[in-house]
Amino acid sequence: RCQFGNNTYALGDIIRLPGDQCKTCVCSSPPDMSCFVKKCPLSSFLAPAGGVNCVMQQDEHGCCDIGYKCDQVSSPPSTGGSYPILGGYSGPETIGHEQKLIAGVATKSLLSQVSGVTGDQCNHLTLLNIVKFQRQVVAGTNFRLSLRLRTKTGSDCSEIVEKTCENIVLFRPLPYACTPSKENSHCLSMSNVENINCY
């Protein structure tokens, strides 16, 4: 058995000394206690959304936070609104100035980067309508759009055709990661071009 102050402890017993330095002693080599100061990892925890009676849990030494324990966790109600969900796409957004601006950039990018949107020799593409606009918050923001477009085709570009293009994704990095330029004042770039579907 180990002796510590006026108390005795069995082999394997662990005690935490009072104070805020997380000093813990273990009876590992009687009669002496082996003591050490535990350093906690730099972690921060958020209680889960929809958690009920959540309490921060600590490790077996009562020293470091290890996460929340809740009586129950229920899924938060889906609002179907435009609030961006971290990691997932939001519901369809109301079309305002920002959405129209991004759709305009998407239209120009379609013309320059995606083949088959217009006729082979044609260079005409007009945005008619924003069918759907969603955003996804990542390390930056993805904007996913469906657009109704008017284009021209035919050997002399005289045939007018209307198309809907879906799954258009534009990425905007975090502010510190992009310097706006004259050519790209909004730091938007088209991604996953191969997944765009126009019909």
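Start by selecting Lys163: this residue is buried, with a relative accessible area of 19%. Here buried means under 20% relative accessible area, exposed means over 50%, and partly exposed is in between, using a 1.4 Å probe and protein chains only. Lys163 sits in strand S12, residues 159–172. Helices (H or I, at least four residues) and strands (E, at least two) are DSSP runs, numbered from the N terminus.

Which residues does Lys163 touch? Leaving out residues up to four places away in sequence, select Gly116, Val117, Leu147, Arg148, Leu149, Thr151 and Tyr199. Contact means heavy atoms within 4.5 Å.

A quick word on what is loaded. This is a predicted model, where local features need pLDDT of at least 70 and side-chain atom pairs count only at pLDDT 80 or more, while totals for chains, interfaces and linings use all residues. Residues are numbered from 1 along each chain as its sequence is written, and side-chain values use heavy atoms, with hydrogens and water left out.

**Zoom out**

Of its 199 residues, 30% are buried. Among contacts in the protein chain with a separation of 6 or more, 44% are between residues 24 or more positions apart.

**The open sheet**

Now colour S3, S4 and S5. These 3 strands make an open sheet in the order S3-S4-S5, with antiparallel pairing. Strand S3 (14–16) and strand S5 (32–37) are at the edges with a single partner strand each, so one side of each has no neighbour in the sheet. From one strand to the next, the twist averages 30°; axes are lines fitted to C-alpha atoms (for helices over the stretch in contact), and angles run from 0 to 180 degrees between N-to-C directions.

Next, look at the pairings; two strands pair if DSSP finds at least two bridges between them. S3 is joined to strand S4 (residues 23–29) by 3 bridges, and the two run antiparallel. Click Ile15, then its bridge partner in S4, Cys25. On the S5 side, S4 and S5 pair antiparallel over 5 bridges. Select Val26 here, and its bridge partner in S5 is Ser34.

S4 and S5 form a hairpin with 2 residues between them. Pro31 is in the loop between these two strands. What kind of peptide bond joins Pro30 and Pro31? A cis one, with omega at about 5°.

**Two cysteines with a positive phi**

Most residues other than glycine have a negative phi, and most peptide bonds are trans. With that in mind, go to Cys157, in the loop between strand S11 (140–153) and S12. Cys157 is not a glycine, yet its phi is positive, about 60°. Cys157 counts as buried, at 13% relative accessibility.

Jump to Cys187, in the loop between S12 and S13. Cys187 also isn't a glycine, and its phi is positive at about 55°. With 9% relative accessibility, Cys187 counts as buried.

**Leu188**

Leu188 is in the loop between S12 and S13 too, and is buried at a relative accessible area of 6%. Draw a C-alpha to C-alpha distance to Pro173: the two are 15 residues apart in sequence and 7.8 Å apart in space. Leaving aside residues up to four places away in sequence, Leu188 touches Ile102, Val105, Phe143, Leu170, Phe171 and Arg172.

**The largest pocket**

Along with Lys108, Ser109, Glu183 and Asn184, Val105 lies nearest the centre of the largest pocket, which has 13 lining residues. A pocket is found on a 1 Å grid over the protein atoms alone: an open set of points where a 1.4 Å probe fits, with protein on both sides within 12 Å along at least five of seven lines, and lining residues have an atom within 4 Å of a point.

The volume of the largest pocket is about 200 Å³. Highlight helix H1 (97–113) and strand S13 (189–191), the elements that give two or more residues to its lining. H1 supplies the largest share, 6 residues. By type, the lining splits into 4 nonpolar, 7 polar and 2 charged residues.

Conventions:
Points joined across faces, edges and corners; volume = space filled by probe spheres on them. Nonpolar A, V, L, I, M, F, W, Y, C, P; charged D, E, K, R; others polar.
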